[in-house]
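User: I'd like to learn how to read a fold from its coordinates. Could you walk me through one, feature by feature?

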Amino acid sequence: MNKLVIFLVLASVSPLSGCATYVYRTDGGAEGVYPAVKTDFNMMDYVLNAHGGSPASIAIPAVILLAIDVPVSAVIDTVLLPYDVLKK
């Protein structure tokens with residue numbers, strides 16, 4: 001039963017991974033190298049500071065999901081680093 005729960009949690013979170021990479025590549029977010037990681041941190045900053053103090057019910061889950069996305073975005077950005085350098 002525990003393995004099934006872990007699998008279901010991972011399966012439900014997996015599609016969220018790489019979200020900043022998708023946002024950057026389609027909407028033209030941060031520029032330069034490692035743009036998705038920069039976008040993740042910019043989103044965290046927006047949720048925690050610039051948004052006028054989001055309610056904890058919104059801010060905490062958003063920051064947790066963004067923190068999960070940072071390592072995935074870092075790996076994908078590393079793979080796409082030659083493309084980003086040539087795109088400049």
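Analyst: Helices (H or I, at least four residues) and strands (E, at least two) are DSSP runs, numbered from the N terminus. By that rule F41 lies in helix α3. Some ground rules: this is a predicted model, where local features need pLDDT of at least 70, side-chain atom pairs count only at pLDDT 80 or more, and totals for chains, interfaces and linings use all residues. Residues are numbered from 1 along each chain as its sequence is written, and side-chain values use heavy atoms, with hydrogens and water left out.

User: How many helices and strands does the protein chain have, and what pattern does the chain follow?

Analyst: There are 5 helices and 0 strands in the protein chain. Along the sequence that reads α-α-α-α-α.

User: How do I read burial, and is F41 buried, exposed or partly exposed?

Analyst: Buried means under 20% relative accessible area, exposed means over 50%, and partly exposed is in between (1.4 Å probe, protein chains only). F41 has a relative accessible area of 44%, so it counts as partly exposed. For the protein chain, 24% of the 88 residues are buried.

User: Which residues make a nonpolar surface patch?

Analyst: Patch members need over 30% relative accessible area and no salt bridge; like charges are joined within 9 Å, nonpolar side chains (Val, Leu, Ile, Met, Phe, Trp, Tyr) within 5 Å. The salt bridge in that rule is a side-chain nitrogen of Lys or Arg within 4 Å of a carboxyl oxygen of Asp or Glu. Here I60, I64, L65 and I68 make a nonpolar patch of about 340 Å². I60 sits in helix α4, which spans residues 56–79.

User: Now contacts. Which residues does V37 touch, beyond its neighbours within four places in sequence?

Analyst: Contact means heavy atoms within 4.5 Å. Setting those neighbours aside, V37 is in contact with V70, S73, A74 and D77. V37 belongs to helix α3, and its 15% relative accessibility is why it counts as buried.

User: What does the side chain of D77 reach?

Analyst: Look for a polar contact, a pair of N or O atoms within 3.5 Å; within protein, one must be able to donate a hydrogen and the other to accept it, and residues adjacent in sequence count only if both atoms are side-chain atoms. The D77 side chain reaches the backbone nitrogen of V37 at 3.2 Å. D77 is in helix α4 and, at 0% relative accessibility, is buried.

User: How far apart in space are V75 and V37, and which other pairs can I check the same way?

Analyst: Go C-alpha to C-alpha. V75 and V37 are 9.6 Å apart in space and 38 residues apart in sequence. V75 is in helix α4 and exposed, at 55% relative accessibility. F41 and A67, 26 residues apart in sequence, are 8.7 Å apart. A59 and V47 are 12 residues apart in sequence and 6.0 Å apart in space; A59 is in helix α4 and buried at 7% relative accessibility.

Conventions:
Areas by Shrake-Rupley, 256 points an atom, 1.4 Å probe, with all protein chains shown as cover.
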